[in-house]
Amino acid sequence: MAAAIFSVSLVLSQGARAEEEKRGAVTNLPVPRYVSMKTSEGNVRRGPSLTHRVDWVFKRRDMPLQITAEYGHWRKVQDREGAGGWVHYALLSGARTVLVEKDMMPVYDRPDTNSQIAAHFELGVVARLGSCTADWCRITAGGYRGWALKSNLWGVDTDEIRD
C-alpha cells in the first residue's frame, strides 16, 4: 500500500514538474523565455508565415521580448505591454536585455542599497543584462554599469538567477 502511494505521488510530482518546464516544439528551449530584437526594425505578423498580415513593426534594436510559442522559423513574442505577434527567428537574439520600469532608477556599485550610486537610469532605458541574484541584477547601459533591483526591470523573471 505504501509503495503504491509513493509511486502515485512520484508520478504526480513528475507531471507537475513537466508542466512547469514547458519546452518549445522547435528549439526545445524553455517557453516562455526572454530574448531581444537583433535588428532595429522587425515586422510583427498575425500568424507564423510571410502570408500573414503585418500588424505593426517593432522599431527598437535590443528591445527585450518574451517568446511564448514556436512554429517552424517563427516565434510568437510579446513586449512589456503584452503586445505582440509572430516574428521570424532571424530578427531575434539570445542576448539578454531588460527594460527599466522606474524613472530615475538608482544603479548601485554593489547589490546593496547602502552602496554608492553609480548612475540613475530613466524609465524606458534598455540595458544589457548580466548576472542576477534573487533580488538584484547587474546591468549596463550608456557606458554605465551597476546593480539594480530586479523588481524595477522587465525582461527577467522574479525567480531567475544568472551567473
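Colleague: Is aspartate 55 buried, partly exposed or exposed?
Modeller: First, a word on the source: this is a predicted model, with pLDDT of at least 70 needed for local features and 80 or more for side-chain atom pairs, while totals for chains, interfaces and linings use all residues. Residues are numbered from 1 along each chain as its sequence is written, and side-chain values use heavy atoms, leaving out hydrogens and water. Buried means under 20% relative accessible area and exposed over 50%, with partly exposed in between (1.4 Å probe, protein chains only). Aspartate 55 has a relative accessibility of 26%, so the class is partly exposed.

Colleague: Which residues are linked with Asp55 in a network of salt bridges?
Modeller: A salt bridge here is a side-chain nitrogen of Lys or Arg within 4 Å of a carboxyl oxygen of Asp or Glu. Arginine 46 reaches aspartate 55 with the closest N and O atoms 2.9 Å apart, and arginine 53 meets aspartate 55 at 3.7 Å, N to O. The partners of Asp55 in the network are therefore Arg46 and Arg53.

Colleague: Is arginine 53 buried or exposed?
Modeller: This is the residue whose side chain meets aspartate 55 in a salt bridge. Its relative accessibility is 52%, so arginine 53 counts as exposed.

Colleague: How many salt bridges does a search of the whole structure find?
Modeller: In general, side chains of opposite charge can pair when their charged atoms come close. Searching the whole structure for such pairs gives a total of 7.

Colleague: How many residues apart are aspartate 62 and arginine 128?
Modeller: Their salt bridge has its closest N and O atoms 3.4 Å apart. Aspartate 62 sits in the loop between strand E3 (54–58) and strand E4 (64–71), and arginine 128 in strand E11 (residues 126–132). Strands (E, at least two residues) are DSSP runs, numbered from the N terminus. The pair links distant parts of the chain, and the separation is 66 residues.

Colleague: What is the arrangement of the aromatic pair of tyrosine 34 and tryptophan 154?
Modeller: Rings of Phe, Tyr and Trp (its six-membered ring) pair if their centres lie within 6.5 Å; planes under 30 degrees apart are stacked, over 60 edge-to-face, and the rest tilted. By this rule there are 2 aromatic pairs. For tyrosine 34 and tryptophan 154, the centres are 5.3 Å apart and the planes at 90°, making the pair edge-to-face.

Colleague: Why does that pair tie together parts 120 residues apart in sequence?
Modeller: Tyrosine 34 is buried at 11% relative accessibility, and tryptophan 154 is buried at 14%. The pair ties those parts together because tyrosine 34 lies in strand E1 (residues 33–37) and tryptophan 154 in strand E14 (residues 153–154).

Colleague: Where is glycine 94, whose C-alpha atom is 7.8 Å from that of tyrosine 34?
Modeller: Glycine 94 and tyrosine 34 are 60 residues apart along the chain. Glycine 94 counts as exposed at 62% relative accessibility. Its place is the loop between strand E7 (92–93) and strand E8 (97–100).

Colleague: Are tyrosine 108 and tryptophan 136 buried or exposed?
Modeller: Tyrosine 108 has a relative accessibility of 11%, and tryptophan 136 has a relative accessible area of 10%. Tyrosine 108 and tryptophan 136 are therefore both buried.

Technical notes: Helix = DSSP H or I, 4+ residues; strand = E, 2+ residues; numbered from the N terminus.
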